[in-house]
Amino acid sequence: MTTQTKPRLKPKHQRLVLALIAIVAIIGAGLLAASALRDEAAYFVTPSDIAAKPPEPGVAIRLGGMVEKGSIVRSPDGLGLAFVVTDGKATTRVAFRGIVPDLFREESGMVADGSLNAEGTFVATRILAKHDERYMPPQLGTMPIDRDNMVGTTVEPKR
Amino acid sequence: MHIYANPLKFLSIARPLTPWLALGGLLLAILGGYAGLELTPPDYLQGETVRILYVHVPAAWLGMGGWLALAIAGIVQLVWRHPLAGIAARAIALPGMVFCALCLVTGSIWGRPTWGTWWEWDGRMTSMLVLLFLYLGFIAIANAGEERGSVSKVAAIYAIVGAINLPIINRSVVWWNSLHQGPSITLSGSTIDSAILWPLWLTLGGFSLLFGAIVLMRMRAIIADIRSEARLKRLAAR
């Protein structure tokens, strides 16, 4: 790479130092920006966030977490749905009327748009299923899963 | 015309290398595609949609790898003034952008049945979309310059600065709550079962070789362009 710039060794080194300084400055700026965005860029809040700093009732928020085992209750007409969302530390009750994705199920991640009502129940207007990072064939899907690890990797923000 | 000394040496390597990369890449991609469609089991939750993984992951890898290569080419151009750096940057930008777009499209197609939405503004998707716009910007800046066989200093600096988006894309699912799942394949292992995982290595390798072949072909085309233009100029001056 250096075959043709031999006579200009010095300015080349100067440019290399300049480039390295610039790269360090860019990385520094990027990390600063990312850490400043840390809370703003979160796609959803967790039940712990709601427990720590309850948002005003009626303010639109997005809630994410795991659907607690055995918590899904369907209304008699089949359209209403109530369940509990957990992040392992806190829980939030959620109510929803509508169609949920196929992958929405107990002990699986979900994300809901909506707001808290006066009683502290999260009234969802839309529900998305969150897929986790595990992929396996169907016969393995019934195997016992590492619950703690799953909550840690899918719901809890790693800070 | 000492500036062509290096491209000539480069051509003597690139010419025989291109068909090997192209054929090898095609073979691996076809094998991986067949295995991914026919030989692997469906996922326990996602069912058959899991198969889009074999295109989505290589596309993401090459979309990001392409920008890393652009940034390295930018440094080599600015620091060492290497004549091939700008040519490589021009050659890489377009296929990099295509793979980036392919990643976004396949992700969207997978997201609809899995998550229940085509698009959400979460950290991973937004930062990947930013990468697509960065590619568009780079191509626009490179084409706006006077240089034919290279890219302007501005474009090289832009490529280096834009690389800050790469760690952001990579870490977006760890730093922020996101809809996109966390990393499946890490240094400590894979959370994708080996029965589903193995064709991914074939398509990853195949797409990467194809990417290399496309870049070499584009570099050769750019060099041929410069040389024919220089020849015409010499003839006209006679």
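Biologist: Contact means heavy atoms within 4.5 Å. With that settled, what percentage of the contacts in chain B with a separation of 6 or more comes from residues 24 or more positions apart?

Modeller: That share is 80%. Bear in mind that this is a predicted model, where local features need pLDDT of at least 70 and side-chain atom pairs count only at pLDDT 80 or more, while totals for chains, interfaces and linings use all residues. Residues are numbered from 1 along each chain as its sequence is written, chains are lettered from A and ligands numbered from 1 in the order in which they are written, and side-chain values use heavy atoms, with hydrogens and water left out.

Biologist: Okay, how many helices and strands are in chain B?

Modeller: Chain B has seven helices and two strands, in the order α-α-α-α-α-α-β-β-α along the sequence. Those are DSSP runs numbered from the N terminus: helices are H or I with at least four residues, strands are E with at least two. The C-alpha trace of chain B spans about 70 × 35 × 30 Å along its principal axes.

Biologist: Switching to the partner, how many residues of chain B are in contact with chain A?

Modeller: 46 residues of chain B, against 46 of chain A. Together the two chains bury about 4100 Å², with 61% of it on carbon and sulfur atoms; that is the accessible area (1.4 Å probe) lost on putting the two together, summed over both. On the chain B side, B:Tyr44, B:Trp80 and B:Asn177 lose the most area to chain A, together 19% of what that side buries.

Biologist: And how many salt bridges are there between chain B and chain A?

Modeller: Two, counting a side-chain nitrogen of Lys or Arg within 4 Å of a carboxyl oxygen of Asp or Glu. One of them pairs B:Glu120 with A:Arg126, at 2.8 Å from N to O.

Biologist: Which helix of chain B gives the largest share of the side that touches chain A?

Modeller: H2(B), with six residues. That helix covers 53–80.

Biologist: Is B:Cys100 buried or exposed?

Modeller: B:Cys100 counts as buried because its relative accessibility is 0%. B:Cys103 is at 5%, so that one counts as buried too. The cut-offs are under 20% relative accessible area for buried, over 50% for exposed and partly exposed in between (1.4 Å probe, protein chains only).
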